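Morning, everyone. Let me put the structure up.

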Amino acid sequence: MSIKPEPTSAGVEKSGLKAWLMYALLTIVLWGVWGATIVIPENNGFPAELGYIMWSLSMLVPSLFCLRRVRWKLDISIEALAYGAVIGFLGGVGQLILYSGAIANGPAYLIFPIIALAPVVTICLSFVFLKERVGKVGGLGIVVALIAIPFLNYSDGDGSVQNSVWLFYAILVFLAWGIQGFYLKQANNKISAESIFFYMAITSVMLAPVAWYMTDEPLEANWGLDGAGLAFGIGLFNAFGALFLVYAFRYGKAILVSPMVNCLPPIVTSVLSLLILQTLPTAYAAVGMALAIFSAFLLVVGEESDDVAVGRPTS
């Protein structure tokens, strides 16, 4: 039996702002901050694989927070367990493959444009199986967003590619995260967002031992506040962003949410990098930022136009 959003849930629209847009914007900001600061613990001697472990533990914080909001009502049906496990597994495995496979074997300036196109998978699956449609304005926004993503993730590099194994890993991450977005939308149509996120967190933690064994000499890592402690704190940005993403998929169309939350966080990351890390975005990133802002505008306007056209309330 489907669980419908209730007026008193966390999805209440405020000040005329659509619930899906509010949650998507929160995700964008938090993931942007996370992207700008994630390298700091690694620079302090805490390997990226162990960073995954701290991130998975940080996922427990928002999962308990959202369960408390619904008075600890956890969906323990087989369907809920299955969706939560699949979504968490796809997200966790994708992140492990990214760090240990793709980046370890190939150039980031080629890997990230491929992985960033994961919304294409979500969009295609939503179009075929969920029959989701958008108007011309929203459709144009999707196209512009997909054009912007490679620009936003392009980085100049002088390293040479020694083999093509990185491409295999990049494609795996691309597929894992694209399919995850599709299952997030499906799950939100059947079970509560709070249960989904809780099972996502538990599955991510279950993969932590894999990350431990993938790390060379994990006991020699920096387990102090500026290493493991900082990695946990930075992981909270990603964790709460993931929670808000679940709500964004619950109240919005995957065909709109997915491109938006993939093209805009790099803008926040670029600005913070300029202010905190004293780094300038490349010319490619600057073009991507302009395209991404324009695409976000089209996505929002397109959604509002669809609401008016079918007579749905816009506030």
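Helix 1 and helix 13 run roughly parallel to each other, because their angle of about 25° falls under the 35 degrees cut-off, and that is how the pair is classed. This is a predicted model, so please keep that in mind throughout. Helix 1 covers residues 19-37, helix 13 covers residues 254-263, and the axes lie 9 Å apart. What is the handedness of the crossing of helix 1 and helix 13? Right-handed.

Now the residues in that contact. Helix 1 brings Trp-20, Leu-21, Ala-24, Leu-25, Thr-27, Ile-28 and Trp-31. Helix 13 answers with Val-257, Met-260 and Val-261. By class, the contact of helix 1 with helix 13 has 9 nonpolar residues, 1 polar and no charged.

Next, the aromatics. The structure holds 12 aromatic pairs. I'll take one of them: Tyr-23 with Tyr-247. Two numbers describe any such pair, the distance of the centres and the angle of the planes. For Tyr-23 and Tyr-247, they are 5.0 Å centre to centre and 25° between the planes. That pair is stacked, because its 25° is under 30 degrees.

Where do the two partners sit in the chain? Tyr-23 is in helix 1, and Tyr-247 is in helix 12, residues 225-251. They are 224 residues apart, so this pair links distant parts of the chain.

Buried or exposed? Tyr-23 has 4% relative accessibility, so Tyr-23 counts as buried. Tyr-247 is at 3%, and therefore also counts as buried.

One last point. Tyr-23 and Tyr-247 belong to one aromatic cluster, together with Phe-244 and Tyr-251.

Definitions and conventions: Residues numbered from 1 in each chain as written. Predicted model: local features only at pLDDT ≥ 70, side-chain atom pairs only at ≥ 80, totals over all residues. Heavy atoms only, no water. Axes fitted to C-alpha atoms, helices over the stretch in contact; angles between N-to-C directions. Helix = DSSP H or I, 4+ residues; strand = E, 2+ residues; numbered from the N terminus. Parallel < 35°, antiparallel > 145°, perpendicular 65-115°, else oblique. Left-handed = near helix turned anticlockwise from the far one by under 90°. Contact = heavy atoms within 4.5 Å. Nonpolar A, V, L, I, M, F, W, Y, C, P; charged D, E, K, R; others polar. Phe/Tyr/Trp six-rings, centres within 6.5 Å; stacked < 30°, edge-to-face > 60°. Buried < 20%, exposed > 50% of the residue type's maximum accessible area, 1.4 Å probe, protein only.
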